[in-house]
Amino acid sequence: MSRLQATWTVLVLALGVAVALSFFVGEGDLSNEALRSTLLRLRAWRLANTILAGAALAGAGVLVQGLFRNPLASPSILGTSAGATLGGVLVLVLWNALLAARLDWIPAELILPVGCLLGAWLSLTLLLAVTGRGASIVTVLLTGFILSSLFLSLGSLLMSLAQNTWEMGRAVVAFTLGGVDAKGPRHAALALPLVAVTSVVAMGWSRHLDLLLSGEEEAQSLGVDVDAARRWVIVWASTLTAAAVAIGGNVAFVGLVVPHALRPFTGPEHRALIPASLVGGAAFLTAADVLTRVLPTAGTIPLGVVTGLVGAPLFLILLARASREGRIA
Amino acid sequence: MKGGLQVRDLWASYRRGPDVVRGVDLDAARGSITALLGPNGSGKSTLLKALVGLVSSRGQVALDGEDLRTVTPEQRAQRVAYVPQRSLLSAPLLVHSVVAQGRFPHRRGLRGLGHEDQKIVDTALQDADIAHLACRPFTELSGGEQQRVLLARALATGADVLLLDEPTSAQDVRHALELHAILRRLRERGAAILVCLHDLSEVRAIADCAVLLECGTVHADGPADEIVHDRHITPVYGVELIEGGGLGFKLARGGES
């Protein structure tokens with residue numbers, strides 16, 4: 001069995017175990033026949049959303065790390081997650097006004113995700129407009145950083161305003177800490193096309209990303225339209241991030257840790273790394289969501305807190321190992 | 001001229017900076033090796049980069065009479081291959097994968113290497129004498145071996161115009177001589193080779209023609225033996241050639257030998 005085949009076997013097994021646990025772990029008694037089908041249906045939709053969010057975050061992580069030739073880059077570097085979070089917080093702050101506006105064409109539970117998507121795409125539009133054609137990758141990096149700071153500041157301003165109303169403040173905090181509980185079929189239906197189509201299309205850019213690993217000059221000399229490749233990869237990474245924030249809120253570390261952990265096993269070529277990260281991200285976030293249900297606390301721990309608590313130490317271990325093996329200077 | 005690369009009145013600069021290459025004319029004929037020489041900062045590397053569109057430039061760049069500045073990046077990469085002095089690749093891609101990247105301008109979609117692509121990659125590995133390194137990670141190779149891999153990747157593009165930026169700078173004497181042999185074989189197959197060289201003895205050893213640059217302009221061009229001569233070298237480099245028994249230099253105007 002090759003190393004890649006072994007990696008895929010482990011990934012599929014990990015996802016399978018996480019999926020099984022996701023169905024059978026949590027509040028509610030499955031032995032109660034009256035509740036069983038309802039509980040399983042709710043958990044199935046929660047699972048579907050978790051898988052989509054995890055795959056999207058890890059997929060965005062691979063794309064961003066390839067784009068910046070840096071295995072330590074995370075999807076938040078483009079400013080999209082901050083934009084999506086700002087969109088979500090804005091929706092929550094304006095919730096009563098939006099309900100009063102009678103937006104009958106959109107189901108109430110999708111107002112928040114749609115706000116996230118609009119925030120993310122606003123951020124993406126600004127990034128592409130500011131950087132323009134021919135901008136260097138450093139300009140993209142700095143612009144993403146500044147947009148991210150701006151949106152986070154605006155989000156913090158809205159959060160401080162939201163504290164005036166206890167319920168609203170609680171909703172905003174819960175959203176920013178991330179979570180997939182109470183996510184249903186409409187959320188999955190909104191995210192599925194975005195994640196599926198973007199992932200498939202992003203795979204088509206894997207050879208471009210491989211060439212970009214050698215730097216923009218070498219890639220261009222081998223026939224890559226570097227400017228176009230960079231802009232499209234930014235669009236795909238941002239769309240995946242937007243979809244993930246729309247259904248899971250602000251979940252940290254998945255996009256950073258999963259591709260970084262898988263790269264030594266799949267190799268750096270994106271044709272192998274992208275699909276492995278999609279599955280790895282889904283398994284990681286599903287396992288983290290199971291953890292939110294079993295940790296002995298009074299209430300449910302937010303998903304973003306668990307991914308941070310698990311992801312940060314795991315990332316430090318990976319980083320130390322990579323540094324020891326000379327893979328990172 | 002037997003066809004090949006024709007450059008007329010080429011100007012090049014980095015972004016909006018001053019022109020580094022200023023009005024250069026040169027020809028790189030098929031079946032010949034043309035050396036680009038000049039002191040540090042004379043514009044040799046920038047000129048090569050301008051020919052493959054890596055820096056902004058204006059002027060005429062034609063291959064067999066066709067304007068290369070109007071073709072797509074992929075079409076240009078199929079016809080003109082560029083070998084940088086060193087690669088920025090820091091990911092542990094296998095040598096075979098790096099060489100296979102040379103097939104990028106010929107491939108579409110997600111499919112792997114086709115049978116024909118595979119044959120071309122294998123031939124490129126053999127031509128660059130690195131078939132034995134195919135399964136090694138690129139990042140674990142020496143600088144000289146990495147330069148061979150970059151040459152093989154350029155050969156895998158199928159381009160018959162090769163632009164090489166100081167390909168022997170990281171090679172020991174034996175490997176440099178082996179590289180000379182590879183370049184001669186490529187010349188015999190009809191490739192047009194334009195190569196930046198610092199070592200003037202190498203120019204005499206392998207080049208048919210030479211273009212001597214000074215401050216971005218052509219100081220002299222012609223047969224390599226004629227260009228590597230005090231008449232041209234001394235005013236540009238400030239050194240004098242020491243002929244006989246070997247090739248050496250001494251500083252002009254009273255410098256040490």
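**Notes on the predicted model**

1. In chain A, residues 24 or more positions apart account for 80% of the contacts with a separation of 6 or more. Please keep in mind throughout that this is a predicted model.

2. Chain A has 14 helices and zero strands. Read from the N terminus, its elements are therefore α-α-α-α-α-α-α-α-α-α-α-α-α-α. The radius of gyration of chain A is 20 Å, close to the 20 Å given by the globule rule for 329 residues, so the chain is as compact as a globular protein of that length. Along the principal axes, its C-alpha atoms fill a box of roughly 60 × 50 × 35 Å. Of the 329 residues, 50% count as buried.

3. Helix 13 of chain A (residues 270-294) passes a simple length check: at 1.5 Å a residue, its 25 residues should span 36 Å, and the end C-alpha atoms are 35 Å apart, which agrees. Of these 25 residues, 20 are buried, so helix 13 of chain A is largely enclosed by the rest of the structure.

4. Chain B contains an open sheet of six strands in the order 6-7-8-3-9-10, with mixed pairing. Strand 6 (80-83) and strand 10 (217-223) of chain B are at the edges with a single partner strand each, so one side of each has no neighbour in the sheet. From one strand to the next, the twist averages 15°.

5. At one end of that order, strand 6 of chain B runs parallel to strand 7 (residues 161-165) of chain B, and four bridges join them. Within this pair, Val83(B) has Leu164(B) of strand 7 as its bridge partner.

6. Which strands does helix 1 (residues 44-51) of chain B touch as it packs on the sheet? They are strand 3 (32-37), strand 6, strand 7, strand 8 (192-196) and strand 9 (209-214) of chain B. The direction of helix 1 makes about 145° with that of strand 7 of chain B. Helix 5 (residues 143-156) of chain B lies across strand 6 and strand 7 of chain B, and runs at about 170° to strand 6.

7. Leu5(B) shows both pairings: it stands opposite Ala28(B) in strand 2 of chain B and opposite Leu63(B) in strand 4 of chain B. The hairpin of strands 1 and 2 of chain B has five residues between the strands, and Arg15(B) there takes a positive phi near 50°.

8. The loop between strand 2 and strand 3 of chain B holds Gly31(B). With 17 C-beta neighbours inside 10 Å, Gly31(B) counts as partly exposed. Gly31(B) and Ile193(B) are 162 residues apart in sequence, yet their C-alpha atoms are 7.9 Å apart in space.

9. Where the chains meet, 22 residues of chain B are in contact with 19 residues of chain A. On the chain B side, helix 2 (residues 73-79) of chain B gives the most, with three residues. The residues of this side divide into 14 nonpolar, seven polar and one charged.

How values were computed. Residues are numbered from 1 along each chain as its sequence is written. Chains are lettered from A and ligands numbered from 1 in the order in which they are written. This is a predicted model: local features need pLDDT of at least 70, side-chain atom pairs count only at pLDDT 80 or more; totals for chains, interfaces and linings use all residues. Two residues are in contact if their C-beta atoms, placed from the backbone, lie within 7 Å. Helices (H or I, at least four residues) and strands (E, at least two) are DSSP runs, numbered from the N terminus. Ala, Val, Leu, Ile, Met, Phe, Trp, Tyr, Cys and Pro count as nonpolar, Asp, Glu, Lys and Arg as charged, and the others, Gly among them, as polar. The radius of gyration is taken over C-alpha atoms; the globule rule is 2.2 Å times the number of residues to the power 0.38. A residue is buried if 20 or more other C-beta atoms lie within 10 Å of its own, exposed if 12 or fewer, and partly exposed in between; C-beta atoms are placed from the backbone. Two strands pair if DSSP finds at least two bridges between them. Axes are lines fitted to C-alpha atoms, for helices over the stretch in contact, and angles run from 0 to 180 degrees between N-to-C directions. The expected span of a helix is 1.5 Å times one less than its number of residues.
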